[in-house]
Each structure stands twice: as structure tokens, then as C-alpha cells.
Amino acid sequence: MILRAPFRMLAALTLALLSALPAAAIEIEEVTSPGGIKAWLVEAHDIPFTALEIRFRGGASLDEPGKRGAINLMTATLEEGSADLDSQGFAAAQEALAASFKFDVDDDTLSISARMLTENRDKAVELLHGALSDPHFDQASVDRVRGQVLSIIASDTQDPQAIAGETFRKLAYGDHPYGTSLNGTVDSVQALTREDMFAAKARVMARDRLVVSAVGDITPADLGPLLDKLLGELPATGAPLPPRADLALTGGVTVVPFDTPQATVIFGEQGLAMSDPDFFPAYVFNEILGAGGFSSRLMEEVREKRGLTYGIYTYLVPKDLAETWQGSFASANGKVAQAVEIVKKEWAKAATGKVSDRELADAKTYLTGAYPLRFDGNGNIADILAGMQLNGLPVDYINTRNDKVNAVTKDDIARVAKRLLKADGLRFVVVGQPEGLK
């Protein structure tokens, strides 16, 4: 990619900010704008650059019934023109200001990331304000982005990983919005209109589900008016958040026939929320079980000892409205049945909750040592602060998080393992032509 001069300047400043704020030095200030918008701020005035993260709770799960994919399409069209600018003018204005805006959406959150130089901050905010408050959603742009989404949907039908994910979602969440892809279907996306874009925006982009963080060269006195300028015209309320999903997973194997030499596997069962008292024991145990790369139990048993896969990983998935404990791997069709059986056996062993002193110590060392590395720039710090707010974590979480990891005991792990892990409750989704699996 060729970077023109303003973007080279922004990239250089971003690189200069790496490791500028170690976790221990981060001081978070809670700011409330004159209009009542709340934000978390970390001031860093050594470089004239600010990272801003804006989040709206609900995300794509707020799609109106029958209009799946509307919020995704709307989000992807936000930067296609606003105020007196078309899509090319909007992109050119960003470049001229050395500003960067990114719009994204997932099941739970619509996210906006903004990066701007102090000298151009007012103009950058004005430009972003246009996209958030006065987007064109002109028909040509909607149709162009719709074509891109339809291309992704078509590609996913030939992607074993996407097929496995879609199948697992349907089994886990049923008719809940989590149960289908946020991209929508061919029929639902083709039926979306320009008017649906405005309706989708009003459902999710409202001040009653707003989270904001800012890190960099900005003071509380400057941040408050900026927030009102940028976000104050948004609707006060949006669509009601969906109810919790009833997790419908049961134990067993679901095979999706697909012509490929290597089967793709996703497996999982009930998990737990980040607010659960047992979350940190589960987090540490997951590192031992499957998240710890080549040192994890599943990697040792499935890859190192038997050569059944190149890699296998497990992960906690604490969504806002449902929680799972999942894993994934790929294996040759002739070996996948054996790999599934090994995972079941290791899951049953894990359910006893027995871990060695060495396993526990190694997991803690890695998790506590890796944590400070996440704070490698203003943008990453702003993203972490936004995530903390979304998850209801306190301002001092950054300073206490490693203490929570170190406080986990073998008894804690035994308790959470016996509570959650059930080998006969694992649901496996296998996409391929597996031998020996029905």
C-alpha cells in the first residue's frame, strides 16, 4: 500500500506512540460533557495526536425482524458521503486532514474508531460529525456496498470455516439474532432500501447505549465540547435491546457435507459472563486447556503426540446476551474422527479440575506478562478503555487485573471446571467429508 504524505505523517506518529503509556502509568479520568455525554480519558500530551473510540451497544443484534443485515449494510455505507461530500470527497477530506476513521459492527456493538492530529482536530471532528449525523445513504452508494456484502455472502457459502460458524450459531442460539450471520441473507440484503438505512441507524446509533473513550493530546475541557459537537445530535434513545439468548446446545456431532480434503471443526458448550465470579478461574484454566499455544493440553495431545492437526485452540466467548466456551481445529477427513475423540477425552479429564502446580504457574506467568503488551499505543489503549466500559469493569481494572489472575487457586479451577465442563455436553460441528463420523 502506498501512503501519501498526510497518511505517512499519521502512520509515523502512530508508530512513535508504541509503548508510550505502560499499563501501570495509565490514569483514567471520567469526563462528562456539558450535554451529559460521559467518556473515559487518558491524557498524553507528548505527541499531538488523539485516538477516539465510540461504541453503541446492541450492534447488529438490533436488526429489525425481517431485515437481517440492515445494520451491517448501514455501517459499511456511513463513509460513502455526508453533508456536501460524496464518497470520494469524504475519503479525500480524511487524507487531507491526516485523519483516519473506521466503522465496524459485530453482534453486540457498533464501533467507530477515529485518529486525528491536534492541529486538525476541529476539522476532523466536523467531518466525522457529518458521517454520524448527516449521512447521504444515496442509492448508488447503498447499491455498491450491497454488492460487496452479497459477494461476501456468496464467498461464505464456499468457506468451510464460515459454514461451520453459521451452523454452530444456529444450533446454539436458534431464532435469536445471534443465530444468523450479521451479513444477512441474499434475500434479506437484496430487499433492503435506502429508507432502511436511516431506520437501522436510528435503532442502534443513539445516546442511551453510547460508550466513549479518548487517549492522547486532549484535555477534559476540550473533550467535553467535542463530544457534544460530534454526538449531541444523535437520538436520545434507540431500539430496545434483544432479550438474552437461550443456549440450545446439546452434546453430539453435526456433520455438514462439503467437498474438501480437510474437515473444519468448531466445538463448544455453555460458558460464563465476564461478571461471573468464576470468570478468572475459567480464563486461567482455558489457557491451560487450549489457549496456551504449544504448551496447552489439547495442542500436546492432538497435534504433538498424534499429528492430527496443525493447531487447536479454545476460547471463552462471553457475548452480551449469551456465553459459550468454544474451540476449533482442522484435520484431514481420515483423522478427524480420532481428533474429536481425543478432544472429548481431554475435556472429560479437564472436567475433574485437576491441574499441576507447573501448569497453573506457567499460565499465570504468561497471562500477566502478556497483558502490559496490549497497551502499545493510544489507539489500543482507547479500545481497551471502551471495552472495559462495555463490560461494566471499574476504572481501576487495568491496575487490578493481574492481581485477579494471580489470585486464582487450584481449588478455584476445580470448582469452575466441575461447574461448566461436560464432555458429553460438547457439540461438534464438522464441515467436510469426515470418515467415521455420522
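Me: Which residue in strand 2 is the bridge partner of E30?
Reply: W40 is the bridge partner of E30 in this predicted model.

Me: In what sense do strand 1 and strand 2 pair, and over how many bridges?
Reply: Antiparallel, over four bridges, with strand 2 covering residues 38-43.

Me: What sheet is that part of?
Reply: An open sheet of six strands, in the order 1-2-8-3-7-6, and the pairing is mixed. Strand 1 (29-32) and strand 6 (100-105) are the edge strands, each pairing on one side only. From one strand to the next, the twist averages 20°.

Me: Changing topic, how is the chain divided into domains?
Reply: Domain 1 takes 29-159 + 172-232, and domain 2 takes 252-432. Taken over C-alpha atoms, their centres are 31 Å apart. Domain 1 puts 22 residues into the contact and domain 2 puts in 20 residues.

Me: What area is buried between domain 1 and domain 2?
Reply: About 1,900 Å², and carbon and sulfur atoms give 64% of that.

Me: How many salt bridges are there across the interface?
Reply: Two between domain 1 and domain 2. As for polar contact, nine residue pairs are counted between domain 1 and domain 2.

Me: Which strands supply residues to the side of domain 1 that touches domain 2?
Reply: Strand 2, strand 3 (49-57), strand 7 (109-117) and strand 8 (210-216), with at least two residues from each.

Me: And what does the side chain of R55 meet in a salt bridge?
Reply: The side chain of D383, at 2.4 Å from N to O.

Methods
Residues numbered from 1 in each chain as written. Predicted model: local features only at pLDDT ≥ 70, side-chain atom pairs only at ≥ 80, totals over all residues. Heavy atoms only, no water. Pairing = 2+ DSSP bridges. Axes fitted to C-alpha atoms, helices over the stretch in contact; angles between N-to-C directions. Domains from an automatic or database assignment. Contact = heavy atoms within 4.5 Å. Buried area = accessible area lost by both parts, 1.4 Å probe. Salt bridge = Lys/Arg side-chain N within 4 Å of Asp/Glu carboxyl O. Polar contact = N/O pair within 3.5 Å; in protein donor to acceptor, adjacent residues only side chain to side chain.
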